[in-house]
Structures are given as C-alpha cells and as structure tokens.
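Welcome! Open the structure in your viewer, turn on side chains, and follow along as we go from stop to stop.

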Amino acid sequence: MFVGAVGAGKTSLIHVLQNDCQKVQKTQSIIFTDGAIDTPGEYAQIPRFYSALLITAVESSIVVIVQDATDLKTTLPPGFAGIFTRKVVGVVTKIDALGAEREKARNRLFQVGVKDPIFFVSAHTREGIDVFMDYLMKGGVHNE
Ligand SMILES: Nc1nc2c(ncn2[C@@H]2O[C@H](COP(=O)(O)OP(=O)(O)OP(=O)(O)O)[C@@H](O)[C@H]2O)c(=O)[nH]1
Ligand SMILES: [Mg+2]
C-alpha cells in the first residue's frame, strides 16, 4: 500500500512498477490494482481519513511511505509511520527533478518514523526502480 502527501508521486511510482504507460491522474479514492493499493494523498494529510488507511493497510503486506524530494514543505505528522501494523518502508521520489533534495527528503521520512530501508527513485528516468522492485519481490514481503 502506497501512502504519502498529495502529489508525492505514488500513482506514478505504481505505474512504473507495473509497466503501465497510462497518463497519471489525481487519485480520488483508495484503489486496489494489480499487486498494489494506491491511496489519495489527502488520506495521509487529513487525520479523519487515517482510520480508512489503517483498515486498508490490513489488506497489504507492506506500507510504502512516499516522500517527494522536491516538496519538503508538505509533511506528514511526526511518528505517522508508527500507526501501521505492517512493515513500513520509505521511498524518496522525483530524484531526477531540478532541486531534488535527497538527504533532506530522507530526513523527513525519519521524522515521520520510517526506519531503513529508504529507497531513492525516479518514475520518469526509472532510476532506482529495479532495486526497489527487487526488494518488494524478495525481502519486503511481510510474513505472518
Ligand atoms: N520529475 C518527476 N516528476 C514526477 C515523478 N513522479 C511523479 N511526478 C510528477 O508529480 C506529479 C504528481 O504525481 P502523482 O503520481 O499523481 O502523485 P500522487 O502521489 O499519486 O498524488 P495524489 O494522487 O494526489 O495523492 C505528476 O505531475 C507527476 O508527473 C518523478 O519521478 N519525477
Ligand atoms: Mg495518486
């Protein structure tokens, strides 16, 4: 399940992981797609939606918290990652973009309560995508 602020790049990342070339549109509701759950950014930014995220996370094996490397202003609350009862990993997106701040973005994820591993990717150039995909396929899966 992919969670993160509005415009962080969740849908773009899911599309590239799924080799889906469709144009990305704003996510309006929680969407179950082939192996991934996409969520609207508002659900992570507005506390009254948290319960929906928590319930949906139960259907997932891993929660991916997505942080935009170019938008350090829009942040999730400190410790947000801790609400999930699933394995949580972090992904910094848009590392191709002018003004991308990888280290600051990583620190934002730490503040949100994400621990290592944190991946750095671009949905546009595909940088870092194979490493992240490999992780999801091998070690990322939460075993019960
Ligand atoms: N440069 C660059 N832009 C990106 C990248 N990933 C996404 N974007 C752009 O960021 C914008 C938002 O991307 P989305 O994938 O819709 O973001 P989202 O997190 O799904 O947003 P919501 O559905 O509103 O929560 C789009 O204009 C994308 O083209 C990337 O890796 N690099
Ligand atoms: Mg989206």
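Is Glu42 buried, partly exposed or exposed? Select Glu42 to begin: with a relative accessibility of 26%, this residue counts as partly exposed. Keep in mind throughout that you are looking at a predicted model.

Glu42 and Lys26 form a salt bridge, and their closest N and O atoms are 3.2 Å apart. Glu42 belongs to helix α2 (residues 41-45), while Lys26 sits in the loop between α1 (10-17) and β2 (31-33), so this pair ties together parts that are 16 residues apart in sequence. Lys26 is also partly exposed, at 43% relative accessibility.

Next, select Lys94 and Asp68. Here is another salt bridge, with 2.9 Å between the closest N and O atoms. The two residues link distant parts of the chain, 26 residues apart: Asp68 is in strand β4 (residues 62-68), and Lys94 is in the loop between β5 (87-93) and α4 (102-112). Asp68 is buried, with a relative accessible area of 6%, whereas Lys94 is partly exposed at 28%.

For the last stop, pick Glu103 and Arg106. Their side chains meet in a salt bridge of 2.8 Å, N to O. Both residues lie in helix α4, and because they are 3 residues apart there, about one helical turn separates them. Glu103 is partly exposed at 45% relative accessible area, and Arg106 is partly exposed at 23%.

Would you like to keep exploring? A search of the whole structure finds 7 salt bridges, including the pairs Glu42–Lys26, Lys94–Asp68 and Glu103–Arg106.

Terms used
Residues numbered from 1 in each chain as written. Chains lettered and ligands numbered in written order. Predicted model: local features only at pLDDT ≥ 70, side-chain atom pairs only at ≥ 80, totals over all residues. Heavy atoms only, no water. Salt bridge = Lys/Arg side-chain N within 4 Å of Asp/Glu carboxyl O. Helix = DSSP H or I, 4+ residues; strand = E, 2+ residues; numbered from the N terminus. Buried < 20%, exposed > 50% of the residue type's maximum accessible area, 1.4 Å probe, protein only.
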